[in-house]
Amino acid sequence: QKFDVCILGATGLVGKTIMEILEERDFPINKLYPLASARSAGEIIEFKGESIEVLNADEFDFSQAQIGFFSAGGSISAKFAPIAGEAGCIVIDNTSEFRYEDDIPLIVPEVNPGALAEYRNRNIIANPNCSTIQMLVALKPIQDAVGIDRINVCTYQSVSGGGKESMDELAKQTADLLQGKPVESQNFSRQIAFNVIPQIDVFLENGYTKEEMKMVWETKKIFGDNNVLVNPTAVRVPVFFGHAEALHIETRSHISVEEVKDLLRNAPGVVLCDNDADFPTQIGEASGKDETFVGRVREDISHPNGINLWIVADNIRKGAATNSIQIAELLIKDYLS
Ligand code: 2RA
């Protein structure tokens, strides 16, 4: 069985990666409809050796597609996802627009596949934020084994999380600085080249940023556990692809490092970097991969139930495109075949 699929935001970083991964995984596509705003409509994209014209989303009849991958920004999803859902196109939405609505499932296939059944409420499924996805893929087996009371996390997030313009800004600033020219910042609140910025998204009233609170809200929803406490600091670093995270977790009962490593060795989607010096990094291990890499697993010497972990994944792949496609594959396997 094959499916007609539309991709809204087909000319963006995530949209293009979705197309690459659909091809790589030989996703069962019958017809592909790349969609974008009127500004990008008419561009030609390549898919499976064919040139396909990008269509104007405003003029598209969503009943022509059974599955839609949306990654064109929150306001675009707010406008088109309900229209598509009502037309029978099941939307997998990569924006934060619907993530916190009670009747919309928020899915990481390795973590909460059972919640996918709720897609029937509105034909919309939300893909979580990149920094949440990789964290929960790694923490799921620990949560199941002993429960997690509290997560302290600092992120080291690449500029691709902010889209193509943010990547261009890092490249330009780096080149300008190396040539002794002054730099300008447009996509970040400070210079990003040769710097780190403890701000991703806007500040909220409680002093945390929206990126940080996404990790709090989404962890509770995906784990189905309102008692898990999350204390994040999200930081942008001058890296193009891949997010890293330093975690200090407090479990509900004691678990040894060896037990955690055994759980991670067998966890779906996880690659355990077992030896201390084999820690994963964005460039060396995670970029271009679909797995979540975990290293530096060790006991927290300051807490009886504390474990430290270092978690790295490709934010555009597992943090966005791959996770969305895995959701679609699960949907097909459990509900559409
Ligand atoms: C970022 N989490 O890295 C965002 C992307 N969704 O900026």
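User: Ala, Val, Leu, Ile, Met, Phe, Trp, Tyr, Cys and Pro count as nonpolar, Asp, Glu, Lys and Arg as charged, and the others, Gly among them, as polar. By class, how many residues does the shell around the ligand have?

Analyst: The model is predicted. The residues around the ligand are Asn129, Cys130, Ser131, Gln157, Gly161, Gly162, Ile200, Glu211 and Asn315. Cys and Ile count as nonpolar and Glu as charged. Sorted in this way, the shell has 2 nonpolar, 6 polar and 1 charged residues.

User: Into which domains is the protein chain divided, and what distance separates their centres?

Analyst: Domain 1 covers 3-128 + 320-336, and domain 2 covers 131-315. Taken over C-alpha atoms, the centres of domain 1 and domain 2 are separated by 25 Å.

User: Which helix gives the largest share of the side of domain 1 that touches domain 2?

Analyst: In domain 1, 14 residues are in contact with 18 residues of domain 2. By class, this side of domain 1 has 7 nonpolar, 5 polar and 2 charged residues. The largest share of that side, 3 residues, comes from residues 317-336, helix H8.

User: Is helix H3 roughly parallel or roughly perpendicular to H8?

Analyst: Two packed helices are described by the angle between their axes and the distance between the axes. For H3 (residues 130-146) and H8, the axes come within 8 Å and cross at roughly 85°. Angles of 65 to 115 degrees count as roughly perpendicular. Therefore the relation of H3 to H8 is roughly perpendicular.

User: How do the residues of the contact of H3 with H8 divide by class?

Analyst: On the H3 side the contact is made by Cys130, Ile133 and Gln134. On the H8 side it is made by Lys318, Gly319, Ala320 and Asn323. These residues divide into 3 nonpolar, 3 polar and 1 charged.

User: For the "binding site" that UniProt lists with Thr11 and Asn315 among its residues, how far apart are the farthest two C-alpha atoms?

Analyst: The unreviewed UniProt entry lists Thr11, Gly12, Leu13, Val14, Arg39, Ser40, Ser160, Gly161, Pro182 and Asn315. Among them, Val14 lies in helix H1 (residues 13-24). The listed residues span 305 residues in sequence and do not all gather at one spot, because the farthest two C-alpha atoms are apart by 32.0 Å.

User: Where is Gln157, which UniProt places in a "binding site" with Arg236?

Analyst: The feature comes from an unreviewed UniProt entry. As for Gln157, its place is in the loop between strand E9 (148-156) and helix H4 (164-178).

Key:
Residues numbered from 1 in each chain as written. Predicted model: local features only at pLDDT ≥ 70, side-chain atom pairs only at ≥ 80, totals over all residues. Near = placed C-beta within 6 Å. Domains from an automatic or database assignment. Contact = placed C-beta atoms within 7 Å. Helix = DSSP H or I, 4+ residues; strand = E, 2+ residues; numbered from the N terminus. Axes fitted to C-alpha atoms, helices over the stretch in contact; angles between N-to-C directions. Parallel < 35°, antiparallel > 145°, perpendicular 65-115°, else oblique. UniProt positions renumbered as here; feature names shortened; annotations may be inferred.
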